[in-house]
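Subject: Structure handover

Hello,

Here is the structure I promised you. Please open it alongside these notes.

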Amino acid sequence: MFRGDSCRMTTQTTDPRPLYREALAWTTGLIDKVSEDQLAASTPCADFDVRTLLGHLVATVERARVIGEGGDPGTIPLVVTEFSDGDYAAAYRSAIERMWPAWGDDRLDADVRAPWGTVPGRAAVWGYINETLVHGWDIAVATGQHSEARPALAEAALAVARQAIPAEVRGGQVPFAEVVDPKPAAGPTERLANWSGRKSF
């Protein structure tokens with residue numbers, strides 16, 4: 001996914017953790033408002049309905065923790081299912097709480113193993129900012145919530161994504177659909193989702 005060299009150049013002096021914290025808080029707020037009758041709804045992410053996307057979001061935080069600890073994120077399943085339908089927000093918050101101690105200052109410049117290869121720690125965090133915001137947008141669209149995060153947050157993620165996720169090659173090692181042309185009035189979070197191959201709704 002995120003190319004290590006591009007991220008190394010783009011983010012070598014930026015601490016992405018405050019932005020990741022904000023992205024997680026935004027997505028947590030969206031999860032809080034998902035009702036049980038929306039869990040089977042489809043989402044802009046074709047692989048997941050709302051229920052499985054919520055389990056995947058928990059898995060992304062668990063993977064971020066394992067990466068910060070120096071482990072293999074492949075040991076975490078793509079979708080975490082070890083909780084009942086009403087516990088998604090609690091499970092997400094718990095995963096976040098367990099994740100942050102793994103990301104001390106020393107981890108930002110250490111090489112870590114991300115699902116897309118060995119990259120500096122800060123590049124891995126940027127990858128999970130992208131995933132958190134895009135999947136947050138998926139959840140918001142699927143459940144009829146406001147789908148724009150703070151503009152400056154989404155713009156920062158989009159700037160990194162444009163450098164780190166190549167537009168010209170999608171599929172295979174770059175597990176994204178082709179870039180979607182944004183609508184004229186699309187906000188930065190929607191444009192970030194479009195860059196990840198999501199169609200506007």
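Start with the largest cavity: H5 gives the largest share of its lining, three residues. A cavity here is a set of points, on a 1 Å grid over the protein atoms alone, where a 1.4 Å probe fits but cannot get out; lining residues have an atom within 4 Å of a point. The lining consists of Tyr20, Ala64, Ile67, Trp103, Ala124, Val125 and Tyr128. H3 and H5 are the elements that give two or more residues to it. By class, the lining has seven nonpolar, no polar and no charged residues. Nonpolar covers Ala, Val, Leu, Ile, Met, Phe, Trp, Tyr, Cys and Pro; charged covers Asp, Glu, Lys and Arg; the others, Gly among them, are polar. The space inside is about 30 Å³. Volume means the space filled by probe spheres set on the grid points, which are joined across faces, edges and corners. The whole structure has one cavity of 30 Å³ or more.

Some ground rules. This is a predicted model, where local features need pLDDT of at least 70, side-chain atom pairs count only at pLDDT 80 or more, and totals for chains, interfaces and linings use all residues. Residues are numbered from 1 along each chain as its sequence is written, and side-chain values use heavy atoms, with hydrogens and water left out.

Now the fold. The protein has seven helices and two strands. Along the sequence the pattern is α-α-α-α-β-β-α-α-α. Helices (H or I, at least four residues) and strands (E, at least two) are DSSP runs, numbered from the N terminus. Of the 201 residues, 57% count as buried, meaning under 20% relative accessible area with a 1.4 Å probe, protein chains only. Take the contacts (heavy atoms within 4.5 Å) with a separation of 6 or more: 72% of them join residues 24 or more positions apart. The protein exposes about 9,200 Å², and carbon and sulfur atoms supply 50% of that. Areas come from the Shrake-Rupley method with a 1.4 Å probe.

Next, the second largest pocket. A pocket is an open set of points with protein on both sides within 12 Å along at least five of seven lines. The volume of this one is about 160 Å³. Helix H3 (50-68) and helix H4 (88-99) each supply at least two lining residues. H4 gives the largest share, three residues. The lining has seven nonpolar, two polar and three charged residues. Among the lining residues are Val58, Glu62, Phe83, Ser94 and Arg98.

Helix H7 (residues 188-195) is mostly covered, with seven of its eight residues buried. Those include Pro188, Leu192 and Trp195. The cover includes helix H2 (17-32), helix H5 (121-143) and helix H6 (151-164). Just after H7, glycine 197 takes a positive phi of about 95 degrees.

Last, threonine 43. This residue is in the loop between H2 and H3. Why does threonine 43 count as buried? Because its relative accessibility is 10%. A polar atom of its side chain lies 2.9 Å from the backbone oxygen of cysteine 45. The backbone oxygen of phenylalanine 48 lies 2.8 Å from a polar atom of the threonine 43 side chain. Leaving out residues up to four places away in sequence, threonine 43 touches Phe48, Asp49, Val50, Leu53, Asp138 and Ala142.

Best wishes

Terms used:
Buried means under 20% relative accessible area, exposed over 50%, partly exposed in between (1.4 Å probe, protein chains only). A polar contact is a pair of N or O atoms within 3.5 Å; within protein, one must be able to donate a hydrogen and the other to accept it, and residues adjacent in sequence count only if both atoms are side-chain atoms.
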